Amino acid sequence: MTMNIEELREYCLKKNHVTEEFPFDEQTLVFKVAGKIFALTRLETFPSSVNLKCNPSYALELREAYPEVKPGYHSNKKHWNTIVYENFSEKLLKKLIDHSYDKVVEGMSKKMRLSLNL
């Protein structure tokens, strides 16, 4: 089973302290946790894809294992992957969204995490 853009959006927005915005243009939907980007996707682009933050060694592993996972488009390719999710496992995509969210939260100060109960 695969996700569509609305399901991806709903999944991201269910997370704590997540906002959505269009900071770059009217086509690039960005999801942030406490003001820090953890996912971005282009609307009306085929095939559908999403950029997600990732641990560098895990990012390489994923790229080797799945042809749908590429180095992050217009992103730091060490820390970001672009996943073409048109025919990608929904379960794995959710796991990678969670991983991206967690990586961004880990990068916050302890004070910030405590203030947000994260």
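Biologist: Which strand does L29 lie in?

Modeller: This is a predicted model, and in it L29 sits in strand 2, which covers residues 28-33.

Biologist: Why is L29 called buried?

Modeller: Buried means under 20% relative accessible area. L29 comes out at 4% relative accessibility, so L29 counts as buried.

Biologist: Which residues is L29 in contact with, leaving aside its neighbours within four places in sequence?

Modeller: Contact takes heavy atoms within 4.5 Å. With those neighbours set aside, L29 has R9, E20, E21, F22, A39, L40, T41 and L43 as contacts.

Biologist: And how far is L29 from V50, in sequence and in space?

Modeller: The two are 21 residues apart in sequence, and 9.6 Å apart in space, going C-alpha to C-alpha.

Biologist: What makes strand 1 and strand 2 a pair?

Modeller: A pair needs at least two bridges. Strand 1 and strand 2 have four bridges between them, in the antiparallel sense, so they meet that cut-off. Along the way, T19 stands opposite K32 in strand 2.

Biologist: In what order do the six strands form the open sheet?

Modeller: The order is 1-2-3-4-6-5, with antiparallel pairing.

Biologist: Why do strand 1 and strand 5 stand at the edges?

Modeller: Strand 1 (18-21) and strand 5 (69-71) each have a single partner strand, so one side of each has no neighbour in the sheet. On average, neighbouring strands of this sheet are turned by 25 degrees against each other, direction ignored.

Biologist: Which strands does helix 3 lie across?

Modeller: Helix 3 (residues 90-106) lies across strand 1, strand 2, strand 3, strand 4 and strand 6, and runs at about 40 degrees to strand 4.

Conventions
Residues numbered from 1 in each chain as written. Predicted model: local features only at pLDDT ≥ 70, side-chain atom pairs only at ≥ 80, totals over all residues. Heavy atoms only, no water. Helix = DSSP H or I, 4+ residues; strand = E, 2+ residues; numbered from the N terminus. Buried < 20%, exposed > 50% of the residue type's maximum accessible area, 1.4 Å probe, protein only. Axes fitted to C-alpha atoms, helices over the stretch in contact; angles between N-to-C directions.
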